[in-house]
Structures are given as structure tokens and as C-alpha cells.
Amino acid sequence: MCIRRLLQCPPLQWARRAAFLKHFQSNHQETHRWTHFGGSTYRAVIFDMGGVLIPSPAGVAAEWEIQNHIPSGTIMKAFKEGGENGPWMRFIRGEIKVQDFLQEFGRLCSEMSKTSVPVDSFFSLVTSEQVSKQFPVMTEAITQIRAKGLRTAVLSNNFYFPEGRSFLPLDRKQFDVVVESCLEGICKPDPRIYQLCLERLGLQPSESIFLDDLGPNLKAAASLGIHTIKVHDPETAVKELEALLGFTLRASIPNTRPVRKTMEIPKESLEKYLKDLLGIQTTGPLELLQFDHGQSNPTYYIRLANHQLVLRKKPPGALLPSAHAVEREFRIMKALAKAGVPVPNVVDLCEDSSVIGTPFYLMEYCPGLIYKDPSLPGLEPSQRQAIYTAMNRVLCKIHSVDLQAAGLEDYGKHGDYIPRQVQTWIKQYRASETSTIPAMERLIEWLPLHLPHQQRTTVVHGDFRLDNLLFHPEKPEVLAVLDWELSTLGDPLADVAYSCMAHYLPSSCPVLRGFSDRDLTQLGIPTAEEYFRMYCLHMGIPPIENWNFYMAFCFFRVGAILQGVYKRSLTGQASSATAKQTGKLTEFMFNLAWDFAIKEGFRVFKEMPVTKPLTRSYHAWAGPQSPLSPTGTRSYSSVPEASPAHASKGAMVISPGGLRPPVRELYERLDRFMKQRVYPAEPELQSHQAAEDRWSPPPLIEDLKEKAKAEGLWNLFLPLETDPEKKYGAGLTNVEYAHLCELMGTSLYAPEIFNCSAPDTGNMELLVRYGTEEQKARWLTPLLEGRARSCFAMTEPQVASSDATNIEASIREEDRFYVINGHKWWITGVLDPRCQLCVFMGKTDPHAPSHQQQSVLLVPMDTPGIKIIRPLTVYGLEDAPGGHGEIRFEHVRVPKENMVLGRGRGFEIAQGRLGPGRIHHCMRLIGFSERALALMKARVKSRVAFGKPLVEQGTVLADIAQSRVEIEQARLLVLKAAHLMDVAGNKAAALDIAMIKMVAPSMACHVIDRAIQAFGAAGLSSDYPLAQFFAWARALRFADGPDEVHRATVAKMELKHRT
């Protein structure tokens, strides 16, 4: 239940963040079975949502009613009004949309309260992330249930949002089965929804336990034989569930231990403070543990009622000047959270030392993984690589924070960070000195004489290393950056060097482990040079030559910190049990710092060889030659070629070698043409795009088009199903064309040369499918002959045009004409002087059903009233001569006979047009990616950095492998979609088409980005096609429909057909 039952909940501002706990893999072959008192066997636990997994909105409603001066109980009464036919029940069965529900529900509330009730405000609040957070105790319970081999399900009365997704603010991976009322059309307490859940679990009623907070829902479940638990509060419910199952449902908190004797804090005063702060009325015990990592500020885990918190305090006793400033930690984390940096969610700062003895602050507990050993034992090399990449990227995110926007301009002094730090740590060391360390004395003299010039001022963490990062348990994602005690404004390179210290420390090093005695290539961990290079590339800065200074500074500072920890350990003030070990380690760190100080420079950077730039033509090509395949064809798969007998419409051909003979011959001719004519022409065509007359078609393109026609390489795109008589095209199936389209996609200019470029291909297919004979004669013929170009005007700046029903441009009937008014943009090809036709989509009847309001008109570009406002650029690229334009249509009069298919058929036409057209984009993106990878391979074989060819660098090899895998995966998915379109039709292939539109552009972006990375700055230039490839691939994540729409389509179809 989501909103139906409204229980009390804690104050909104302290609603807990949903916990991300690792799901332990269950052994499905030996499922554990647990018995309760009557001897029955439980194999699954079914959870309601609202009031069980997330707070019931009763308290939200009550507080909201008070804040908005609404009579108490209004929301509850309105929910019950009308019974099964009331607006709420129809809403959760998916029978009415949000807008209709809110309108009817608001009317009911207003009538009951005799005042205007802003129900939109309540709906937004109760569905907000702030309120709808999963109880941590329930998250833990689910994790433990699954770890014991039992199944889990959520059975919720919920509803659709306006964009079509359902309200389920939970991690679906927690559940084996998800049953939502709005998707099923039935809701609790209807017995059918319980039976549906049991069927999907594959269990009998007696094998399940159901948790809900509503009596009628529990009664219905019990009548079927399901054991039930009524939830009054999550903590008590979990205890009842533990009693039934026979095992604990509370996971231990990792990296904690009982509080050390010298680190104890007064629990009674802390508990009183927390209850006042959080508004807790319950009298449950306060659980207090101490985290066993960290050397400076004592850190504790707290559980009180439903709240899990982390407390970080100043240590007791006399402290060094300016050290242990928990107030600054609180401020920086609060600011960075708003800037999008992953940090714990801070709750409160208490500077009153009377509460627990010293100032402290509170933050929400965020479960996850902390990797104490930087060598990451137990992980695969690829996983280690991903962890260090994520670490690098989050450091870049910290260093990219806008200081002014984050309110951190005064968080530290600007400039001279290293000089100030050196003096600060010299003072700290002197204040905690216990004996004379010769290496430190030398450093104190040497460092001030070799200070680097600071290039940038950013937020610096000051202690950025792997064990200060909290990772997601299932993927290489940093959930939170911890321990901000040493943060300030300063030189970001100090953080980079600090995060590389493990590279120079042995694995046997106490307190701070390293891996200097391990084989990094075997581990899959980037070297310090690779890690630093990765950082520089992400931040867009050049490498530095004085890396040795930064490493010397880092080990100097660590030594000073450890000296302070060691001195506190002598008096029992240090927070870590291992603090006494730091005495010996301090001198080791100072010696290591001096080793860096006496080097002439970090040779691996300073002695980078200057190599001659790669001499390679702009038309590099990916085609590896195989003795088993025809010359020039692609054969990347290990699967044997299909025989010609199987290369028919009913077979999915995965390699050009498997094409039927005439198509294979066509592919080979196309391949030769690309190599002999297209690739050599690219430098001239690229130069034309930057020339003064770039908005005029280049004569070379027209010459190549005539040559392509002469060789029969023309209009290859029209699918056989659309043109069965081969009247207009080559009569290829979608699968056959996919292989040719990929080949054309290796050049930005090739599609136009063969008259296979968008948007003309989609417009020509539209005319073939839906045009009258008169329309075909006037528009289709010149387009097929290449004498004209066209554009498609749909996208509008004022609305989200990915939803065609949002289109606002108007088409008004007037005598024998239609009059068009509207504002369009991102109209590809409209700036081309050859563009003679605009296929225009607008609204003819705003009052018709949403999918019957739009119509499509054929608009001659010379019609009065069409005003081109400006050309638009994609990442600064104009894409001349076609370009992308912003246009106004002002009282444009078009003859009625230019209407396509009829009034109100626009949405239908748009869907039909964009099926094959969009899959063509995906096919071309495979070509983009293949060529990018080929260029990358050639580049890394010829370039040398850090004393060896790039191709021998572990990260480069990993990138090449990852790119090959991603290309192959995407290609197979594209071919599968094309195959389904051929054998079952576009409608039957809708799911696969949506999937490739999700996969292909993102894949291409990743592959091309890796190639750009391998090229360095050259990859951003016009000397290679990579920058344009990337711009197009990224643009297609919009132009080809936004990723979010495709994901929603796939998810809906998955839920509808495969649950």
C-alpha cells in the first residue's frame, strides 16, 4: 500500500536514505527451508510497500494538512470516498491518469473541507525522494532473507506517474517478484492479486509470509492460507518475522567494534540529544559501536529506533592547533552534497561540548564497501581497473566543483597552498615531536626551497585514498567520499599524488598498505603514471614534470600526521587500536619522502620520448582480412559463415560472408568504392566544411554521386517489404542492408554519396508507404534521383518533442489550404540549398484523442512564411551544407492535397517513418565504432609513452578489448532487430528496436571516446574523424529518441510480457 493507509512517520527532514545493501547470491539448488511453530515451511516473504518498506504517508498527510491549514483527516476521508469506484481505487488500478485523479481527488477534498485543497502539492511531497525512502531495517532484513535462500516479493497498491512509469521507489533487485496494482488492473484486498503473486513465486500460500499495515489486506491474504504479520512499526515487524523464520534479520555493521574504553562517550546525554533532534518518542535502546578505521577523529555508528547514523567527534584532551576541525568537515560535506559530489548526508552539527565531551556532527549511515587493502584481493583485474577508474573520476568531480556556486570561496586561502601546508605541517610536527628524525630535518630544510607554482585552486580533500571511499557493493561506483578533516582550498595535484601513495608502499606496511612489491599488470591496477595520465585527460590538463616534489610532500605530510597520532597514542587519545604502530612507520614515511626529494625529477614523466606523429591518412579503415572471407569483407565473428542457401529473408546473417551471392557481390563493390573513392576524398570534403563557401554543396560530392549511380550503388536503403517490386531501390532485406549500412557508416560522407542519408531516407520511405501518386511524382522522384534534399520538421523548443503528442505547431484549415503556424528547431538539412521539401508535423485537432491530434503536411521550402532563424551547432560543428536549423512558420499556406494519409494520422506516420530510419542510424553507428577502433589500434601501435609503446599499456589493452566486445554485442542486437523486422514486421520488433536505440549510440560514444583518449589532443582535431563521430553519436541519443524514452519502452514491454 502506498498512500491508502496513512500512519505516523518521523519528521520529514530526517527520513532515511534508502540503503544500498549487497544481495548475497542464494544457492537455488539447495534452498534453505525454515519452519515455524506449526511445522509449515516458509520459502518466501511478501512485503507491502507503504507503511512496511517505506514510511506510510499518514504522518506526512497530517503534517501537510497542518502546514496548509486543511481540516485534519481530509486526505484520509477522500481516499475512502466512493469505495471501489472512488478516484483513489481507480487510480491504483491504472484506470485513470494522474491529471484526472488529481482533478477529481482535489474536488473531493475541497468539497469535504469547504476550502481549496492543493492536492498537487501533497502528491509531489508524498512521492518525493525525501519522503519515500526505504527503512534501513527492512533493507537489512531483505538482504538476510535472500542470503538464506528464501525468495522475496513486493505486492503494492501503486500508480503511474505522468511520464508512464510506476511509483516504486525501491531497488527492484531486492525482489524476485514485483506485483504492482496499476500494471495488473487489480489491487489489494482483491484475492486475485495475492494469487498472482504466489503464481509468480511458484509457491503455495502456506509457504509464504505477508507483511502489511492494513487489516483488510491482511485478512484477504490470511483467507488464502498465507501467514500474515501486521506492521505497526518496522522494528517490531522485523522481530516478529525473525521469530517466524528462526534466524536474525539484522546484518552486522562492517568495520565496527565495541567502543574502546578510552573512547567511550556518555550514552544517556547523547540519546536525549538525538531524541530531541529527531523527534523520536520510542524508548528503544541506543546501539553504539566504534568504527575501527581512521586515525584521527573518533567515529561511531549509532542506531536509535529506525535511524542509523554516524557520529564523528573531536578527540578528547589537548589538541594540536587547528586540528580535528569537525565544524569544517560538516560544512564542506553539506556544500559538496549540493554540488553533486557523493558524500554522506549530514544531519546536524553540535558544538556544545557538554553533550558528549567534545563537539561533533552527525551524518546518515550509508552502507557500502570500504576497500582497506588497495591491492583489492578477491577481485578480477577488470574489476580492480574499474575501481581505480571510479576513484579517479570522483577525484576529478571534487576538483571540478564551482567554488562560488557551492559557497566555498572562503573555505580556504587562494594560492600558495603548498607553501602554507609545508609550514603548517612543520608546526604540527614540532608540536608532536618525540625524537629527532634526520630525514624529517632534511625535508624541513629542502621543501621550502623547491616549491612548485600552483596553477589552479580547487577544493582539495587532503586525505584522498581508497579506504576513504565507500563503494557500491555490486558495481564500481563511489557512493560517498569520507573523512574530510584535512579538506581546504588548494592545489589539486596534491590530492592526485596522495591517492598514488599506495604505489610506493609495500603490502606489509602497517596502517597504510600498498602494493609496490606486487605486479600491477597482473593485478589490473593502473600504474601511478597511468593513473595520473587518466586524471590529466579527464581534467583536460597537461602532465607535470615535478611529480617527485608532490610525492615528497605527500609522504612528508603523512609522516607528520602519523607523528601526531603516535603522540596521542602514548596518552590513550588516539581513536585507532593500531595507533601505537605508527611510531616506527613515521620515520619510514620521512625516509620515503626524502628519497623522492633527492631525485632529479620523476623520470617517467620528465623523460617521455618525443616521437614523430603518426603518419596515417584520414581514411584509415577497420577491415581485417581473413583468408576464409572474400577480400574486403568483415568477418569478426568466430561463428562459421552461413551458407548461401540460408542467406534468405528468414535467416539472420551475422557476417557479410554469409550474404546471398548477389548481395555479397554488392557489398564487395561498395567496399571497393569506399576504399578507392570515398576515403581518399574525405580530406577535401572535410576542408570544404570549414571553407567560406561551406553552405554550398561541394562539387566533389555530386561527382561521386554520379559515379555511385553508375556502379549501381544507389538507393540501397528501401526495405524489401516496403518496395517488394524493387521499383525504387535494391530490394534488400533489413539484415542485408544492415551490413552495407555499417560499411557506409565508416565515413561521415558516404551515406549521401549513395543517396542513403537521413533525413532523406526516412522521408522517401514515408512517401513510398503513405504518399499519393501525385505526391510521389512531385517529391519522391527528385529525392530518389538525388536532385533534391529534404528535411523533417517535428522538434519544437517549447515542448519535450520526444513525445509526439506534445507538438504544439498548428495546422488550421482555411478554404482549399492548410495554414501552418509554429516554431521548430534542430531541423537537419534545412540549410542545404538543395532542400526543396519540408515534411511538417503539426496539430490539426487539439481536442481529439492525444494520438489523433497530429497531421503531416508536405511543405515546399519556397512557400512564403518560412523563416530560417539561425543555424545550430552540435558541439560547435555546423555540419554544412545541410546543417541543423531553427525555423518559424508564420501563416504558411499549403494546398490540402499536400496532407499525407489524412488528418490525425501524424503520430501513426511518425512511428512508421522512424522504425527503419532509426535502425539505419544504429547500423551506421556500428560503422563509426569500427573505424574508431581501427584508428585507435593503429595509433597505439605507433606511439610511445612512459618508455614503452602505448599498445603495451594495460589500460590501453583493456580499452581495446572492451571496445571490441561492445561493438560485437551491439552489432548482434542490431542484426537481431533487423531480422525480426524482416520476418515478423516492425511492430513485432518494437522491443528490439527500442533496445538497439538504447544500446548503439551509447556504445558508439564509449568506443569513440576511448579512441579519442588514445589519440590525445589529436583526437579532438579535424585531422581525424573521431571528433565528428563522437558529436554525431552523442547527438543521436537525442535525435534518435532520448535514452529515457527507449528505456521506458523496454521496461514496459518487459513488465507486460515477461514478468
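Asparagine 734 is in contact (heavy atoms within 4.5 Å) with Pro719, Glu721, Met923, Ala978, Met981 and Asp982, leaving aside its neighbours within four places in sequence. This residue lies in helix α24 (residues 734-744), where helices (H or I, at least four residues) and strands (E, at least two) are DSSP runs numbered from the N terminus. Asparagine 734 is buried, its relative accessible area being 2%; buried denotes under 20% relative accessible area, exposed over 50% and partly exposed in between (1.4 Å probe, protein chains only). The model is predicted, so that local features need pLDDT of at least 70 and side-chain atom pairs count only at pLDDT 80 or more, whereas totals for chains, interfaces and linings use all residues. Residues are numbered from 1 along each chain as its sequence is written, and side-chain values use heavy atoms, with hydrogens and water left out.

An open sheet is formed by five strands in the order β5-β4-β3-β6-β7, with parallel pairing; two strands pair if DSSP finds at least two bridges between them. Strands β5 (177-180) and β7 (227-230) stand at the edges with a single partner strand each, so one side of each has no neighbour in the sheet. From one strand to the next, the twist averages 20 degrees. Strand β3 (residues 44-47) is joined to the parallel strand β4 (residues 151-156) by four bridges, and isoleucine 46 has alanine 153 in β4 as its bridge partner. Helix α8 (residues 191-201) lies across β3, β4, β5 and β6 (208-212) and runs at about 160 degrees to β5. Axes are lines fitted to C-alpha atoms, for helices over the stretch in contact, and angles run from 0 to 180 degrees between N-to-C directions. Helix α10 (residues 234-245) also packs on the sheet, where it touches β3, β6 and β7, and its direction makes about 155 degrees with that of β7.

Elsewhere, strand β21 (residues 835-843) is joined by seven bridges to β22, and the two run antiparallel. Leucine 837 stands opposite proline 860 in β22. Strand β22 (residues 854-860) is mostly covered, with seven of its seven residues buried. In a regular strand the side chains alternate between the two faces of the sheet. Gln854, Val856, Leu858 and Pro860 point one way from β22, while Ser855, Leu857 and Val859 point the other way, and all are buried.
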